[in-house]
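Here's a quick briefing to read alongside the model. Keep the viewer open as you go.

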Amino acid sequence: MPRSLSRFARDYLLPTGTLVAVLVLWEVAYRVFKIPRFIVPAPSAIIAETWEWRFRLVEHTWVTLYETLAGFGLSIAVGVPLAVLIVYSPVLRNALYPLIVVTQSVPKVAIAPVLLLVLGHGEASKLVVAFLVAFFPIVVDTATGLAATPEELLDLSRSYRTSQLKTFVKVRFPMALPFFFSGLKVAITLALIGAVVGEFVGSDKGLGYIILSATSYWKADLAFGAIFLLSLMAIILFALVALVERIVCPWYAAEQQQ
Amino acid sequence: MIRLEKVDKTYRTRRGDLVHAVADITLDVRENEFVTLVGPSGCGKSTLLKLVAGLVPASQGTIRVRDEVVRGPFPDVGFLFQHPVLLPWRTVFDNVMFSIEMLGLESRSYRARARELLSLTGLAGFDTKYPRELSGGMQQRVAICRALIHDPGLLLMDEPFGALDAMTREEMSLELLRIWEDRRKTIFFVTHSIPEAILLADRVVVMTPRPGRIARVLEIDLPRPRSVELEFDERFKAYSHAIRSDIFAPRTDREYATLA
Ligand SMILES: Nc1ncnc2c1ncn2[C@@H]1O[C@H](COP(=O)(O)OP(=O)(O)O)[C@@H](O)[C@H]1O
Ligand SMILES: [Mg+2]
C-alpha cells in the first residue's frame with residue numbers, strides 16, 4: 001500500500017503540484033511586476049474570461065474537434081491501405097514512396113491558403129490540412145510495422161502453405177499494431193495542429209479563429225483561454241488513443257512495463 | 001527421406017550481385033536419422049535447410065523428400081529457429097496451436113496433443129502464460145511444441161539452441177534427444193557448435209566456407225542414449241578433432257597461398 005501511494009504521489013500529485021505552483025507564481029509575478037493585461041494576463045483573468053465566454057467557446061471547440069477527428073479518420077482510412085500496398089508490392093513501393101516523402105516535405109502551412117482557395121472557407125479545407133499532416137506518420141509507422149515481422153515467421157507461414165491473407169490477419173497485422181498505434185499518437189497531435197493552422201489561414205469558426213480574432217482585439221485573456229482548451233483537447237485525444245492501444249494490444253503494454 | 005543431388009544455390013542480391021551460397025551438395029538422409037550440419041557462419045547452412053523445405057528454389061540439382069521432387073513448401077515439416085519467434089499476443093497454449101490453425105486443421109482434435117507435448121517438454125501448468133513471462137529456454141520449448149504438434153515427418157532446426165546460455169543449451173540438447181528417442185523423426189539440425197553436432201548426431205555433415213561444399217560426412221559411432229559425459233570419451237575427441245581440421249584447414253591453406 002505505501003508503495004502504490006508513493007507511486008500515486010510521483011505520477012499524479014507531483015506534476016499537479018508543479019502546475020499549481022507555476023500558476024501561483026505567475027499570478028504573483030503578474031501582480032508584483034504589474035505586467036500589462038494585453039501582453040500576459042493573470043491566470044485569474046484567463047479563468048474569468050473563459051467562464052464568461054463558455055457557451056461560445058464550447059461551440060468553437062466542437063468545430064475544431066470535428067475537423068481534427070475527421071482529418072485523423074481520413075488519414076487512417078487512406079494511410080493504412082497505402083502502407084499495406086507499399087509493403088506488399090515492391091513496384092508500388094518504388095512508385096509511391098518518393099511521392100509520399102515529397103508531399104511530406106511541402107510545408108503544410110504554405111499550402112493551406114491554396115487549399116482554402118480550392119475548398120472554400122468551410123470545415124473541408126481544415127479537415128484536409130489535418131489529414132495531410134496526420135497521414136504521413138500513419139503510413140510510415142504502419143509500413144514499418146508490417147515489414148517488421150521476423151523472416152522466420154514468414155518462412156513458417158509459407159511452409160504451412162497458408163494464404164497471404166491469413167498470414168496477414170494472423171501474423172503481420174497484429175505484429176504491426178504497436179507501430180500503428182505509435183503512428184496514431186503522433187498523428188492525432190498533428191491533426192489538431194493542422195486543423196488550427198487551417199483556421200488561422202481563414203475561417204470564422206473554431207478555436208484557431210478565436211485565438212486570432214481575440215489577439216487582434218487585444219483580448220489576450222480570451223486567447224489564452226482558447227489555447228488552454230486546445231491543450232486540453234490534445235491531451236485528452238492523445239490519452240484516448242493510448243487507452244485504445246492498451247485495450248487492443250495489452251501484451252505490448254505489459255512488455256513495455258518490464 | 002531426403003536426397004540432395006548436385007544441389008547448387010546462387011542468390012541474386014537486390015543490387016544485382018551474385019552470391020554463390022552452396023555448391024555441389026550431394027547427400028542422403030535416411031528415415032528417422034539425426035543429421036547435424038556444422039560449418040563456419042555464412043557457409044550456407046540456413047540456405048541448405050530452406051532448400052530442403054522448398055522455401056527457396058535450387059539454382060541447379062534436384063532435391064527429393066520421400067522420393068518426391070521438392071518444388072515448393074510442403075507442410076510435413078516442423079521448423080525451429082535460433083529465436084523462438086512466438087506470437088506475443090498469444091498464450092503458450094495458443095502459440096502451440098498456431099501450427100494447427102495455419103495449416104487449417106481442426107483445432108479440437110489437437111488440443112489434447114498440445115497439452116501432452118507441453119508436459120513432455122516440462123511446461124505443464126504454463127498453458128495460459130504469455131511468452132514474455134517465460135525464460136528464453138522455456139520459450140524455445142514452446143517453439144519445439146509448435147514444431148511437433150502436427151506430427152511432421154521431418155524436423156528442420158536452424159541453430160535452435162544458439163541463443164541460449166551454455167547450461168540451458170546442454171539441457172535442451174539432451175531433452176531433444178529424449179523426445180527424439182521417444183518418437184523418432186528425421187532431423188536435420190544446423191549448429192556451429194562442434195560438440196553439440198557430435199553429441200546429437202547419427203552423422204555429422206561438415207561444410208567448407210562459402211560457397212559451402214560438403215567437406216566430410218562423419219558417422220558418429222557412440223552409444224545411445226547419449227550423455228554429456230561422452231565429451232570426455234576418446235572417440236568424441238577424435239571426431240571433434242577431425243571436424244575442426246576439416247573446417248579450418250582449407251582456410252589456412254588459402255591464407256598461406258595469399259602470403260606466398
Ligand atoms: N536472400 C538472400 N539473398 C542474397 N544473399 C543471401 C540470401 N540469403 C543468404 N544469403 C547469403 O548466402 C550466404 C549463406 O547464407 P546462410 O545460408 O544464411 O549461411 P549460414 O546459415 O551458414 O550462416 C551468405 O553469404 C548470405 O549473405
Ligand atoms: Mg544461418
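Residues are numbered from 1 along each chain as its sequence is written, chains are lettered from A and ligands numbered from 1 in the order in which they are written, and side-chain values use heavy atoms, with hydrogens and water left out.

**Confidence**

- The predictor gives the complex an ipTM of 0.89 and a pTM of 0.87.
- Chain B has a mean pLDDT of 91 (pLDDT being the predictor's confidence in each residue, from 0 to 100), and 95% of its residues reach 70 or more.
- Watch residues 255-260 of chain B, where pLDDT stays under 50 and the model has zero contacts beyond four places in sequence (contact means heavy atoms within 4.5 Å).
- Where pLDDT is low, the predicted coordinates should not be read in detail.

**The four-stranded sheet**

- Helices (H or I, at least four residues) and strands (E, at least two) are DSSP runs, numbered from the N terminus; two strands pair if DSSP finds at least two bridges between them.
- Chain B has an open sheet of four strands in the order S2-S1-S4-S5, with antiparallel pairing.
- Strand S2 (18-29) and strand S5 (68-69) of chain B each have a single partner strand, so one side of each is left without a neighbour in the sheet.
- S5(B) is joined to strand S4 (residues 60-65) of chain B by two bridges, and Arg64(B) has Val69(B) as its bridge partner in S5(B).
- Helix H1 (residues 45-53) of chain B lies across strand S1 (2-12), S2 and S4 of chain B, at about 115° to S1(B) (axes are lines fitted to C-alpha atoms, for helices over the stretch in contact, and angles run from 0 to 180 degrees between N-to-C directions).

**The six-stranded sheet**

- Six strands of chain B make an open sheet with mixed pairing, in the order S6-S7-S8-S3-S9-S10.
- Its edge strands, strand S6 (77-80) and strand S10 (214-219) of chain B, each pair on one side only.
- On average, neighbouring strands here are turned by 15° against each other, direction ignored.
- Strand S3 (residues 34-38) of chain B runs parallel to strand S9 (residues 203-207) of chain B, with four bridges joining them; Leu37(B) has Val205(B) as its bridge partner in S9(B).
- H1(B) packs on this sheet too, touching S3, S6, strand S7 (154-158), strand S8 (186-191) and S9 of chain B, and its direction makes about 155° with that of S7(B).
- Helix H4 (residues 136-148) of chain B touches S6 and S7 of chain B, its direction making about 165° with that of S6(B).
- S8(B) runs parallel to S3(B), with five bridges, and pairs in the parallel sense with S7(B), also over five bridges.
- In S8(B), Val190(B) stands opposite Leu37(B), while Phe188(B) stands opposite Leu156(B).
- Six of the six residues of S8(B) are buried (under 20% relative accessible area, with exposed over 50% and partly exposed in between, for a 1.4 Å probe and protein chains only).
- Thr186(B), Phe188(B) and Val190(B) point one way from S8(B), and Ile187(B), Phe189(B) and Thr191(B) the other way.

**Nonpolar cores**

- A nonpolar core is a set of buried Ala, Val, Leu, Ile, Met, Phe, Trp, Tyr and Cys residues joined through side-chain atoms within 4.5 Å.
- The largest has 72 residues, and those with the most contacts inside it include Val52(B), Phe79(B) and Phe188(B).
- Helix H8 (residues 164-201) of chain A gives the most to this core, with eleven residues.
- Apart from it lies another core, of 32 residues, among them Val92(B), Leu148(B), Phe189(B) and Leu200(B).
- Leaving out residues up to four places away in sequence, Val52(B) touches residues including Ile2(B), Ile63(B), Phe74(B), Leu156(B) and Phe188(B).

**Where the chains meet**

- Chain B and chain A bury about 2300 Å² between them, 66% of it on carbon and sulfur atoms (buried area is the accessible area, 1.4 Å probe, that two parts lose on being put together, summed over both).
- Trp89(B), Met102(B) and Arg132(B) supply 33% of the area chain B buries against chain A, more than any other three residues.
- The contact takes 22 residues from chain B and 21 residues from chain A.
- Phe98(B), found in helix H2 (residues 92-103) of chain B, is buried, with a relative accessible area of 0%.
- Beyond its neighbours within four places in sequence, Phe98(B) is in contact with Leu156(A), Tyr160(A) and Val171(A), as well as Leu87(B), Arg90(B) and Arg146(B).
- Phe98(B) and Arg146(B) are 48 residues apart in sequence and 7.0 Å apart in space, C-alpha to C-alpha.

How values were computed. Predicted model: local features only at pLDDT ≥ 70, side-chain atom pairs only at ≥ 80, totals over all residues.
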